[in-house]
Amino acid sequence: MFAVIKTGGKQYTVKEGDTINIEKLDVEVGANHKIEEVLFISGDNKQTAGSPFVKGASIEVEVLEHGKADRVYIFKKKRRKDYRKRQGHRQMFTKVKVVKING
């Protein structure tokens with residue numbers, strides 16, 4: 001059984017027991033959180049697609065940790081103009097484990 005969820009402006013395909021990094025959630029470490037924006041559920045030879053979300057479906061996740069992703073460098077340059085700009089960014093994330101798919 002798997003599901004497609006939407007969180008943080010991105011879509012993820014998840015199964016029970018999966019560990020994924022998603023956009024930062026304001027939930028304490030060790031707490032459970034329910035994601036109700038489920039776009040698609042498949043399992044037991046039955047598929048359900050939402051328009052846009054599946055009614056009554058939710059995904060229960062356990063928050064494992066919060067952190068920052070690896071640094072990404074942004075470099076801009078204009079040739080022959082002596083213009084160079086370097087900037088770095090580290091995206092915040094929340095590592096979660098999928099506990100149960102309710103559908």
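A word on origin before the details. The model is predicted. Keep that in mind for every distance and angle I quote.

Overall form. The chain has zero helices and 10 strands. Read from the N terminus, the elements go β-β-β-β-β-β-β-β-β-β. The C-alpha trace spans about 60 × 30 × 20 Å along its principal axes. As for burial, 29% of the 103 residues are buried.

β1 covers residues 2-7. β2 covers residues 10-15. The two strands make a hairpin, with two residues between them. Gly 8 sits in that turn, and its phi is positive, about 65°. The pairing of β1 with β2 is antiparallel, over six bridges. Ala 3 is opposite Val 14 of β2. Val 4 is opposite Thr 13 of β2.

β1 has another partner, β5. Four bridges join β1 and β5, and the two run antiparallel. Here Ile 5 has Val 38 of β5 as its bridge partner.

How many aromatic pairs does the chain have? The count is one. Phe 2 and Phe 40 form the pair. The ring centres are 6.0 Å apart, and the planes are at 45°, which makes the pair tilted. Phe 2 belongs to β1, and Phe 40 belongs to β5, residues 38-43.

Next, the four-stranded sheet. It is open, and the order is β3-β10-β7-β4. The pairing is antiparallel. Which strands stand at the edges? β3, residues 19-23, and β4, residues 32-35. Each has a single partner strand, so one side of each is left without a neighbour in the sheet. From one strand to the next, the twist averages 45°. Look at the β3 edge. β3 pairs with β10, residues 92-102, over five antiparallel bridges. Within that pairing, Thr 19 has Lys 97 of β10 as its bridge partner.

On to charged contacts. How many salt bridges are there? The count is two.

Take Lys 10 and Glu 23. Their side chains meet at 2.5 Å, N to O. Lys 10 is in β2 and Glu 23 is in β3, so the pair ties together parts that are 13 residues apart in sequence. Lys 10 is partly exposed, with 39% relative accessible area.

Then Glu 65 and Lys 95. Their closest N and O atoms are 3.9 Å apart. For this pair the cut-off matters: the limit is 4 Å, so 3.9 Å still counts as a salt bridge. Glu 65 lies in β7, residues 58-68, and Lys 95 lies in β10. The two are 30 residues apart, and the pair links distant parts of the chain. Glu 65 is at 36% relative accessibility, which is partly exposed. Lys 95 is at 28%, again partly exposed.

The charged end of Lys 78 sits over the ring of Tyr 83, 5.6 Å from the ring centre. Arg 86 places its charged end over the ring of Tyr 73, 4.3 Å from the centre.

One last stop, at β8, residues 72-78. Ile 74 lies in this strand. Ile 74 is partly exposed, with a relative accessible area of 33%. Where is Gln 87 in relation to Ile 74? The two are 13 residues apart in sequence, and their C-alpha atoms are 5.0 Å apart in space.

To recap. Zero helices and 10 strands. An open sheet of four strands, β3-β10-β7-β4. Two salt bridges. One aromatic pair. Happy to take questions.

How values were computed
Residues numbered from 1 in each chain as written. Predicted model: local features only at pLDDT ≥ 70, side-chain atom pairs only at ≥ 80, totals over all residues. Heavy atoms only, no water. Pairing = 2+ DSSP bridges. Axes fitted to C-alpha atoms, helices over the stretch in contact; angles between N-to-C directions. Buried < 20%, exposed > 50% of the residue type's maximum accessible area, 1.4 Å probe, protein only. Phe/Tyr/Trp six-rings, centres within 6.5 Å; stacked < 30°, edge-to-face > 60°. Lys NZ or Arg CZ within 6 Å of the ring centre and 35° of its normal.
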